[in-house]
Amino acid sequence: GDCFYWIVPYAPVAQSLRQAVQARGFVITEQLFGQLIRVLDRDFDLSPSELRIAFLLAGGDDPKTAAERDGVSVESKRKQLKACFSKMSCSSQQELTRKIFSQLAYMISISAAETSSMEVAERFVSQYLPEDARLGVVRLRSGALFRYLESGPPTGSPVLFYHGVPFPLLLAGAAPHLKRHNIRLITPLRPGFMETEGLTEAHAIAADFSNVESDIAAFARTFSADGIPIIGSTMGAIAAIRLRAAYPDAFSRLIILSPELGVCGPDDPKDLGPFFSGILNVADEPSLLAKIVYDFRKFNTDPALLSQIMDSIYKNDHDAAAMRWRIYGHSIADILADTYRHSFLGVFYEYSRLKLDWEKAYASIREGVTIVRGPDDISITPEGMRFLKELNPKTADHVTPRGGHFLNWRDDL
C-alpha cells in the first residue's frame, strides 16, 4: 500500500534504437504520486483521502480492497472515488487510471525526441486553439506514444476525428458547439503531424507508419466496448473509410466531411485535377513522392504564396470568406503554413495512401456512410456523390448551406 511498481513499454522514434522489446521500470511511492498529480493539474485540488484512493486504484486495488487496506467502509471509499471523478472530469475507474498513467508517461520524459515532438504540439495548441482543444498523450500496449487533442466536455459522447491538413479550421471555435451537443471530440495527432522541422526526403522514406491504423483502433477501444463514431475530414477520408471497414468493433459509424477521394470531376467523377492526378501517379514511388512533397514545401509554408494558391483554387463565396477568418489573431494562411511546416511526414504519408483501395471498403460498410459537404465544395460534386451512392446505396448526402470546402462548426456543422 506504500508504493507500486510500474513497467512502461516504449518505442523510440529513432529506428536504429528499436529492439524487439523495450521497457523501463519505476517505483511510485504515495508521496511521489501526490506530487505528480499536483504537477499534472493543480486545479484538481484532491484532498489527502481522494489522493489516497486514486493512488490505490492506480496500484491495482478496487474500492473494496482499498477499504480493507485502510480499515474504512467501502461506502467511504466510493464517496472519495466519486469526488475524484468530479474533480478530474472522469466517468469511470478505467478512465481515471488511464488519465493518470497517460499523463505520468508524458511527465517522466521517456524520449528526448518524443519530448521535442510534444513541444511543437503544445505550442501549436496554446497559440491557435487555446480555448478549443486540450493536448493529451497515452502509451499504447504496443509501446507507442500516442498524442491526441481533446475538444468538448470530458464527459461527453466520444467521437474520433481523423483529420486532414487544415484541421485547425474545423477545431477553431468548436468548443461551445461540442458542449451544446455533448460531444467529446478526440483528434489523434498522427505520426508526421506537429513534428519538429528539419526533416528531409530520407526521413520520409525511412519512416515507419505500419502501425498507424491499428494504434488508432486500439486507442478508440479505450472509450467504449461498443465502438465510437469516426469522422474523416478532407485527406483523412480514405483512412477513416478503411478504419471503419477494418475495425467495426472500434468504430460504430462513419461520417465524412468534405472528402478528398478523387471523386470531384465535373465530367469524370474520378478526375482529381492536375495536381492530385500527378501525386496519384507517383503515390507508390516513395523516393519521387518524398522529393515532390519536400520541394512543394517552399510554396505551402510561405503564408503569402499559400494565400495566393488557396485564392486561385477556392473561388466560391463560402471558401473565400473562410480564407478571411482570423483565429485568435492569426490569419488562416499563417496557421496553415505553420501546420504544413511541421507536418511534412504526415502529408507524405497521406499522399502515399491515395492509391489504396478504399472503394471496396466503402461498399462493405453495411450501416452506410454520411457525407457532409458544402454546396460549392470542389472536392466532391454531384457527380462524385452519384459515384459514392453507386458504391454504397446507403450513402447519405448532408449539404451544409453555409459551408464550402472548409467546413466549420460555425457553419451549423
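Modeller: Gladly! Contact here means heavy atoms within 4.5 Å. This is a predicted model, where local features need pLDDT of at least 70, side-chain atom pairs count only at pLDDT 80 or more, and totals for chains, interfaces and linings use all residues. Residues are numbered from 1 along each chain as its sequence is written, and side-chain values use heavy atoms, with hydrogens and water left out.

Biologist: Which residues of α3 meet which residues of α4?

Modeller: From α3 come Pro 63, Lys 64, Ala 66, Ala 67 and Asp 70, and they meet Val 74, Lys 77, Arg 78 and Leu 81 of α4. By class, this contact has 5 nonpolar, no polar and 4 charged residues. Ala, Val, Leu, Ile, Met, Phe, Trp, Tyr, Cys and Pro count as nonpolar, Asp, Glu, Lys and Arg as charged, and the others, Gly among them, as polar.

Biologist: Why is Thr 370 called buried?

Modeller: Buried means under 20% relative accessible area, exposed over 50%, and partly exposed in between, with a 1.4 Å probe and protein chains only. Thr 370 has 19% relative accessibility, so Thr 370 counts as buried. Leaving aside neighbours within four places in sequence, Thr 370 is in contact with Arg 253, Leu 254, Ile 255, Ile 256, Ala 396 and His 398.

Biologist: And what makes Asn 300 buried?

Modeller: Its relative accessible area is 7%, so Asn 300 is buried too. Not counting residues up to four places away in sequence, Asn 300 touches Leu 306, Leu 336, Ala 337 and Tyr 340. The C-alpha atoms of Asn 300 and Met 310, 10 residues apart along the chain, are separated by 9.7 Å.

Key
Helix = DSSP H or I, 4+ residues; strand = E, 2+ residues; numbered from the N terminus.
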